[in-house]
Amino acid sequence: MKQVYKSRIKTYIRSQFIQARDELNLTQAKMARKLLMEDRSYAAIESGESCCGTLTLVLFLVFCCKDQTAFLNGLREALENVEQDMVH
């Protein structure tokens, strides 16, 4: 069950990073610099290969996310759906 939650979080964060980068009109390299990470590490997040750490998530929320409340509400919805999907 824990792995399902991790997978949903990774998928959600990936989509939010891609959307924010598009809205900010940044290349992957510029987004990586904004988040204080290596280009390859950022590309791995967008490709779904990995997820971000706490520092990267906080930097994203502070400097790249236009609506932190919407981000958290979307994450809550994604995680609530895990339990619903397990029941059905």
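**View 1. Met-1 sits in the segment before helix 1 (2-24).** Helices here are DSSP runs of H or I with at least four residues, numbered from the N terminus. Met-1 is exposed, with a relative accessible area of 56%; exposed means over 50%, buried under 20%, and partly exposed in between, using a 1.4 Å probe and protein chains only. Together with Val-4 and Met-86, Met-1 makes a nonpolar surface patch of about 280 Å². For such a patch, nonpolar side chains (Val, Leu, Ile, Met, Phe, Trp, Tyr) with over 30% relative accessible area and no salt bridge are joined within 5 Å. Areas come from the Shrake-Rupley method with a 1.4 Å probe, and for residues only the protein chains shown count as cover.

This is a predicted model, where local features need pLDDT of at least 70, side-chain atom pairs count only at pLDDT 80 or more, and totals for chains, interfaces and linings use all residues. Residues are numbered from 1 along each chain as its sequence is written, and side-chain values use heavy atoms, leaving out hydrogens and water.

**View 2. Helix 1 crosses helix 3 (residues 39-47) at roughly 115°.** Their axes, lines fitted to C-alpha atoms over the stretch in contact, with angles from 0 to 180 degrees between N-to-C directions, come within 8 Å. The two helices are therefore roughly perpendicular, a label for angles of 65 to 115 degrees. Arg-14, Phe-17, Ile-18 and Arg-21 of helix 1 meet Tyr-42, Ile-45, Glu-46 and Ser-47 of helix 3, with contact meaning heavy atoms within 4.5 Å.

**View 3. Glu-46 forms a salt bridge with Arg-21.** Their closest N and O atoms are 2.5 Å apart, and the rule asks for a Lys or Arg side-chain nitrogen within 4 Å of an Asp or Glu carboxyl oxygen. This pair links distant parts of the chain, 25 residues apart. Both Glu-46 and Arg-21 are buried.

Note on methods: Patch = residues over 30% accessible without salt bridge, like charges linked within 9 Å, V, L, I, M, F, W, Y side chains within 5 Å. Parallel < 35°, antiparallel > 145°, perpendicular 65-115°, else oblique.
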